[in-house]
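Please keep the structure in view while reading.

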Amino acid sequence: MTSDTSLAAALAAGTVVLDGGMSNQLESAGHDLSDELWSARLLAERPEAITGAHLAYFEAGADVAITASYQATFEGFAKRGIGREQAAELLALSVEAAREAARRAAAKGVTRPLWVAASVGPYGAMLADGSEYRGRYGLSVDELADFHRPRVEVLAAARPDVLALETVPDADEARALLRVVRGLGVPAWLSYTVDGDRTRAGQPLEEAFALAADVDEVIAVGVNCCAPQDVDGAVRTAARVTGKPVVVYPNSGEAWDAETRAWDGRSSFTPEEVTGWRASGARLIGGCCRVGPEAITGIAAALTP
């Protein structure tokens, strides 16, 4: 079961552990994610697999499950012949799959609070061409808001504990997303993907984080889907600029090749790093691509008082 305590209250009280990469957990279970819908395809074909992946992370020590809706969009589903009504049902199912995993975790003896974060990936994720690591799509803030609004409203109506506005490469897209979440009645976190001290689109992180400083709906600001070595500076900047709890969940350190749709290089992420991130202001900590349940267990252990 999920918690009666809000995630914002939990962050004010201490540190919360996020899950790891959904795709690598599904792939390790033998599922093919090679098409453009990525893990979102399994919402239609194998939703039980999604629940199983969430459960593995809850049992590994994660307190928050991020839904399999990162690449789930009306436009992406339409390319597969899935109409808007069914697409909306699949978006809502992404939240329910995580809720079901929390119920199963409780039934198996997990007693700590558990939360569900509905993933809202960037526009580039729908394109499936790696542009979420570049930004600058050639769209205005208004156009980006129009793209994001329908699915954000559907996800919000499914009543997740928080909306995860994640892997955002561009401050313009952040402006659009922050406009969309205002007044929905669901808290959100905003997480950029970064390169050094700048967004992937090249804007200074200080300016990018400042966009969320006065947005009441935003309960945490930070970075994800980036190299582990880029986290320290980003955490300090986010904490200083916004005064909000910081969310961090980097990749393993390997690099994504958009042309071959494969990871290259070696892992450089170690769970021990998280204590330094916490000291700098991080309160919501986990892993992204190629970070699995074993690493999440290590993070949870490192953050245990």
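Arg 136 lies in the loop between α7 (123-127) and α8; helices (H or I, at least four residues) and strands (E, at least two) are DSSP runs, numbered from the N terminus. The model is a predicted one, in which local features need pLDDT of at least 70 and side-chain atom pairs count only at pLDDT 80 or more, while totals for chains, interfaces and linings use all residues. Residues are numbered from 1 along each chain as its sequence is written, and side-chain values use heavy atoms, with hydrogens and water left out.

Most residues other than glycine have a negative phi. Cys 225 has a relative accessible area of 2%, so it is buried (under 20% relative accessible area, where exposed means over 50% and partly exposed lies in between, with a 1.4 Å probe and protein chains only).

## The sheet

Strands of a sheet pair through backbone hydrogen bonds, either parallel or antiparallel. Here, 8 strands form an open sheet with parallel pairing, in the order β1-β12-β9-β8-β5-β4-β3-β2; two strands count as paired if DSSP finds at least two bridges between them. At the edges stand β1 (16-17) and β2, each of which pairs on one side only.

Strand β8 (residues 218-224) runs parallel to strand β9 (residues 246-249), and 4 bridges join the two. Asn 224 has Tyr 249 of β9 as its bridge partner.

## Strand β4 and its neighbours

Which strands pair with β4? One is β3, joined to β4 in the parallel sense over 4 bridges; another is strand β5 (residues 188-192), also paired with β4 in the parallel sense over 4 bridges. Leu 163 of β4 stands opposite Ala 118, and the bridge partner of Leu 163 in β5 is Ala 188.

Of the 7 residues of β4, 7 are buried, so this strand is largely enclosed by the rest of the structure.

## Helix α8 against helix α9

Two packed helices are described by the angle between their axes and the distance between the axes. Helix α8 (residues 141-157) packs against helix α9 (residues 171-181) at an angle of about 45°, with the axes 8 Å apart. Because of this angle, α8 is oblique to α9. Axes are lines fitted to C-alpha atoms, for helices over the stretch in contact, and angles run from 0 to 180 degrees between N-to-C directions. Angles under 35 degrees count as roughly parallel, over 145 as roughly antiparallel, 65 to 115 as roughly perpendicular and the rest as oblique. The crossing of α8 and α9 is right-handed; this term applies if the near helix is turned clockwise from the far one by less than a right angle, and left-handed if anticlockwise.

The residues of this contact between α8 and α9 divide into 8 nonpolar, 1 polar and 6 charged. Ala, Val, Leu, Ile, Met, Phe, Trp, Tyr, Cys and Pro count as nonpolar, Asp, Glu, Lys and Arg as charged, and the others, Gly among them, as polar. Val 141 lies in helix α8 and counts as buried at 19% relative accessibility. Leaving aside residues up to four places away in sequence, Val 141 touches Asp 172, Arg 175, Ala 176 and Arg 179, where contact means heavy atoms within 4.5 Å.

## Helix α6 against helix α8

Helix α6 (residues 84-107) packs with α8 at an angle of about 50°, and their axes are 9 Å apart. Given that angle, α6 is oblique to α8. Their crossing is right-handed. On the side of α6 the contact is made by Arg 84, Ala 88, Leu 91, Ala 92, Ser 94 and Val 95, and on the side of α8 by Pro 150, Arg 151, Val 154 and Leu 155. These residues of the contact of α6 with α8 divide into 7 nonpolar, 1 polar and 2 charged.

## Ser 69

Is Ser 69 buried or exposed? Ser 69 is buried, with a relative accessible area of 0%. Its place is in the loop between β2 (64-66) and α5 (74-79). Not counting residues up to four places away in sequence, Ser 69 touches Leu 91, Ser 94, Ala 118, Ser 119, Arg 151 and Leu 155.
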